[in-house]
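Please work through the following exercises with the sequence and the three-dimensional model side by side, trying each task before reading its solution.

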Amino acid sequence: MNGQPEAVVEVERPILSVRRQGRILALPVLLLIALAAVAGYFVGALPEAWMNWAAGLGALAVALLLGVGPILGWLPNRVTITSRRVIVRRGFFVHRRSEIPLSRVREVRSRRGIGQRMFGAGDIELLVGPDAPTLLRDVPTPDAIVDALQELIEQDYLREGRAQQSAWATQGQAQAQWQTPAQHGGFAPGAPSQGSSGQGAAGSSPYGDT
């Protein structure tokens with residue numbers, strides 16, 4: 001037993017994970033429904049076979065570009081908030097991931113337009129030093145997320161302070177244990193021992209009394 005306090009390791013915990021609000025998918029879904037109705041009416045009813053093929057391929061291309069594409073682009077975009085970081089994932093074909101430690105976040109801002117207020121969504125900005133702010137766009141319940149982020153940032157600040165104080169206390173105990181033997185008549189580092197060879201007692205001659 002060395003008497004030193006053991007450091008408590010806090011495991012990183014996932015707090016919440018959100019996507020951009022699904023209202024942005026309303027237009028692609030409506031477009032897919034409209035294209036299905038129009039293609040079902042016209043494809044096969046045109047007088048020439050090549051016209052039917054052209055109409056079907058055109059409807060399929062528009063559906064993939066303006067309907068399926070936005071949906072697939074929405075699915076992988078996710079924001080995960082843990083007890084220590086904010087993780088942002090983007091991209092379908094090319095995955096991009098950025099991590100922002102809570103210790104680097106200096107300010108959390110929210111911004112809500114008229115349409116966003118109607119649907120309970122909003123944008124959140126994370127200010128990280130002199131860099132451009134990280135924008136979390138169209139997240140649901142932005143006020144609750146902002147409150148959670150501010151509380152997590154405060155907890156991370158207090159945890160860092162406790163870890164620093166613990167490190168200082170451990171260093172102070174190590175120095176005290178190193179200096180204790182010298183204070184109780186032991187040998188301090190670099191100090192000559194009493195009765196070492198080459199030097200006699202104080203006031204005595206190495207050749208004896210004359």
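**Exercise 1: the nonpolar core**

The largest nonpolar core has 19 residues, and those with the most contacts inside it are Val86, Val108, Ile124, Leu126 and Leu149; determine which elements give two or more residues to this core.

*Solution.* The model is predicted, with local features requiring pLDDT of at least 70 and side-chain atom pairs counting only at pLDDT 80 or more, whereas totals for chains, interfaces and linings use all residues. Residues are numbered from 1 along each chain as its sequence is written, and side-chain values use heavy atoms, with hydrogens and water left out. A nonpolar core is a set of buried Ala, Val, Leu, Ile, Met, Phe, Trp, Tyr and Cys residues joined through side-chain atoms within 4.5 Å; buried means under 20% relative accessible area, exposed over 50%, and partly exposed in between (1.4 Å probe, protein chains only). The elements that give two or more residues to this core are strand E2 (78-82), E3, strand E6 (121-127), strand E7 (134-140) and helix H4 (142-183), and the largest share, 5 residues, comes from H4. Helices (H or I, at least four residues) and strands (E, at least two) are DSSP runs, numbered from the N terminus. With contact meaning heavy atoms within 4.5 Å, Val108 touches, beyond its neighbours within four places in sequence, several residues including Ile124, Leu126 and Leu149.

**Exercise 2: a salt bridge across the sequence**

Find the salt-bridge partner of Arg20, and explain which parts of the chain the pair ties together.

*Solution.* A salt bridge is a side-chain nitrogen of Lys or Arg within 4 Å of a carboxyl oxygen of Asp or Glu. Arg20 pairs with Asp138, the closest N and O atoms being 3.2 Å apart. Arg20 lies in the loop between E1 and helix H1 (26-42) and Asp138 in strand E7, so the pair ties together parts that are 118 residues apart in sequence. Arg20 is partly exposed at 34% relative accessibility, whereas Asp138 is buried at 5%.
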